[in-house]
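User: I would like to go through how some labels on this structure are assigned. Please set each value against its cut-off.

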Amino acid sequence: MTQKLRLDRLLSNLGYGPRRQIQSHIRKGKFVFSGRAISDPSEKVEVSKQALENATYEGEPLEHLAPMVIKVHKPAGYVCAHHDEDGLSIFHLLPERFRLRTPTLTTVGRLDKDTTGLILCSDGGDIIHALTHPKNHIEKEYHVTLADPLSGEEADIFASGTLMLRSEDKPLLPATLKQIDEKTCTLILHEGRYHQVKRMFAALGNKVESLHRIRVGALSLDGLEEGAWDYVREEDLKRLLS
Ligand code: URA
C-alpha cells in the first residue's frame, strides 16, 4: 500500500528545514505538483517516486525519498559517526539537508578515522541490514600499505580460513591478498570485523601504515574526488544486493 503523508511532514523528513518555515513556503506556493501549486501544508500526498516525479520545491525537483543510498570518498581524519570531538564527521561533507532527514542517514559499516576510500551511507534500515549482513558476503577490497615488507606467506594464511584474531572465537573467512610490491597489496574481505585489516596484519607481526577502501561489491569510487559524494543509482544498488 502506498504511504500518504502531510506535505509539510514529507518536506521536513526530506530535510528541507524547520516545519514552520516549510509551512510558510508552501502557503507562498513554493511546492508545485504537476504544474499546480499546493498551498495547504496539511494536504496529504502520496509518497512514491512515481507520484512525486513532477513535484518541485523552491523551483528544484524533490530530493530523493527514503531509502536513499549515497557513496562518499572518505578522507583521512573523518569519522563515520555523527559527532566527533574534533568535529570531523563524514556527514559534514554532505549537504546540510541530508543531516536533517528523517529517518537519519547512517554509514553502512564503518571505516577507521585514518582509513580513506569508499563508504556508503543510507537511511534505509533494510538496505543497511542487507549490505552488512554476513550471509550476503559482499566483498570489500582494500589497498594496503605496510610498515614492513610482505613475507610471501600472507596470501596463503589469509586464504586458509583458519586465521584467528585475538579475543575472537571464530576463524576469519578466507580472504584474497594480491601483492603489488614489497610493502603494498590489495586485500579482498567477505566480512567486516572490527579493525579487521589492521588486526589481520598485526596477527602476522606487520603493521598497516595506510588503508584505502577501493570497492564494495561492484561499487567503486569511479573517479569520485576525495571528500566528494554521489548518489548510488538504483540499478547499481540492485546489482550490489543481487
Ligand atoms: N579494517 C580496518 O582495520 N580498518 C578499516 O577502517 C576497515 C577495515
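Analyst: Buried means under 20% relative accessible area, exposed over 50%, and partly exposed in between (1.4 Å probe, protein chains only). This is a predicted model, in which local features need pLDDT of at least 70 and side-chain atom pairs count only at pLDDT 80 or more, while totals for chains, interfaces and linings use all residues. Residues are numbered from 1 along each chain as its sequence is written, and side-chain values use heavy atoms, with hydrogens and water left out.

User: Why is C80 called buried?

Analyst: C80 has 5% relative accessibility, so it counts as buried. C121 is also buried, at 0%.

User: What makes K71 and D222 a salt bridge?

Analyst: The term requires a side-chain nitrogen of Lys or Arg within 4 Å of a carboxyl oxygen of Asp or Glu. The closest N and O atoms of K71 and D222 are 3.8 Å apart, and the pair forms a salt bridge. By this rule the count comes to 18 salt bridges.

User: Which labels do K71 and D222 get for accessibility?

Analyst: K71 is buried at 7%, whereas D222 is exposed at 66%.

User: Why is E139 called partly exposed?

Analyst: The relative accessible area of E139 is 27%, so the label is partly exposed. Its salt-bridge partner R215, with closest N and O atoms 2.8 Å apart, is buried at 17%.
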